[in-house]
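Here is a short briefing to read alongside your viewer. Take a look at the model first, and then we can walk through how its parts meet.

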Amino acid sequence: MASSASTAARIVRSFGFAFEGLATLVRTQPNFRIHLVAACAALGLAIALRLSPPEMALVVLTAGLVLVVEALNTCLETLCDLVSPTYHPLVKKCKDVSAAAVLIAALAAVGVAALLFLPRLR
């Protein structure tokens, strides 16, 4: 059985890898940066409009969902490029569907924003 010190070191190392991945997304992915700015703007507006805690939670979850799907899209596209550096119709389909997932999440976020923010901005 692993000692608690080695378990703690493993956990700290795992967080390091996660932050490295986050830094890679921010540094290399323009669409991730766009979604990140939109998420910050939505959170700022939610605070300014004094949304209730459940409404704020919905904004946080929705923004998080978009960022997670964008990260997964980046992973899938990177893996596709590794597996098939040249054009392949199935890789195109995979990338297109992955991009569609980001679009669906982003449209859902816009819907949530409209439902929460528009009544308060009238």
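This is a predicted model: local features need pLDDT of at least 70, side-chain atom pairs count only at pLDDT 80 or more; totals for chains, interfaces and linings use all residues.

- Although Arg-50 is not a glycine, its phi is positive, at about 55°.
- Arg-50 has a relative accessible area of 74%, and because exposed means over 50%, Arg-50 counts as exposed.

**H1 against H2**
- Helix H1 covers residues 4-28, and its axis is 6 Å from that of H2, with a packing angle of about 100°.
- That angle makes H1 roughly perpendicular to H2, since the range for this label is 65 to 115 degrees.
- On the H1 side the meeting residues are Leu-22, Leu-25, Val-26, Arg-27 and Thr-28, while H2 brings Pro-30, Phe-32, Arg-33 and Leu-36.
- Sorted by class, the contact of H1 with H2 holds 6 nonpolar, 1 polar and 2 charged residues.

**H2 against H3**
- The axes of H2 and H3 are 10 Å apart, and the two helices pack at an angle of about 180°.
- H2 is therefore roughly antiparallel to H3, as angles over 145 degrees are given that label.
- H2 contributes several residues to this contact, including Phe-32, His-35, Ala-39, Ala-42 and Ile-47.
- From H3 come, among them, Met-56, Val-59, Ala-63, Leu-67 and Glu-70.
- The residues of the contact of H2 with H3 split into 13 nonpolar, 2 polar and 1 charged.

**H3 against H4**
- Helix H3 (residues 53-83) and helix H4 (residues 89-121) have axes that come within 9 Å and cross at roughly 165°.
- H3 and H4 are therefore roughly antiparallel to each other.
- Their crossing is left-handed.
- By class, the contact of H3 with H4 has 19 nonpolar, 3 polar and 6 charged residues.

**Nonpolar cores**
- The largest nonpolar core is made of 7 residues, namely Ala-42, Ala-46, Leu-51, Val-59, Val-112, Leu-116 and Phe-117.
- Helix H2 (30-48) and H4 each provide at least two residues of this core.
- H4 gives the largest share of this core, with 3 residues.
- Within this set, Ala-42 touches Val-59 and Phe-117, leaving aside residues up to four places away in sequence.
- There is also a second, separate core of 6 residues, with Phe-32, Ala-39, Ala-63 and Leu-67 among them.

- Glu-55 is part of helix H3.
- Leaving aside residues up to four places away in sequence, Glu-55 touches Leu-116 and Arg-120.
- Between Glu-55 and Val-112 there are 9.5 Å in space, C-alpha to C-alpha, although the two are 57 residues apart in sequence.
- Cys-40 belongs to helix H2.
- With a relative accessible area of 49%, Cys-40 is partly exposed, because the exposed label needs over 50%.
- Cys-40 and Ala-63 are 8.6 Å apart in space, C-alpha to C-alpha, and 23 residues apart in sequence.

Key:
Residues are numbered from 1 along each chain as its sequence is written. Side-chain values use heavy atoms; hydrogens and water are left out. Axes are lines fitted to C-alpha atoms, for helices over the stretch in contact, and angles run from 0 to 180 degrees between N-to-C directions. Helices (H or I, at least four residues) and strands (E, at least two) are DSSP runs, numbered from the N terminus. Angles under 35 degrees count as roughly parallel, over 145 as roughly antiparallel, 65 to 115 as roughly perpendicular and the rest as oblique. A crossing is left-handed if the near helix is turned anticlockwise from the far one by less than a right angle, and right-handed if clockwise. Ala, Val, Leu, Ile, Met, Phe, Trp, Tyr, Cys and Pro count as nonpolar, Asp, Glu, Lys and Arg as charged, and the others, Gly among them, as polar. A nonpolar core is a set of buried Ala, Val, Leu, Ile, Met, Phe, Trp, Tyr and Cys residues joined through side-chain atoms within 4.5 Å. Buried means under 20% relative accessible area, exposed over 50%, partly exposed in between (1.4 Å probe, protein chains only). Contact means heavy atoms within 4.5 Å.
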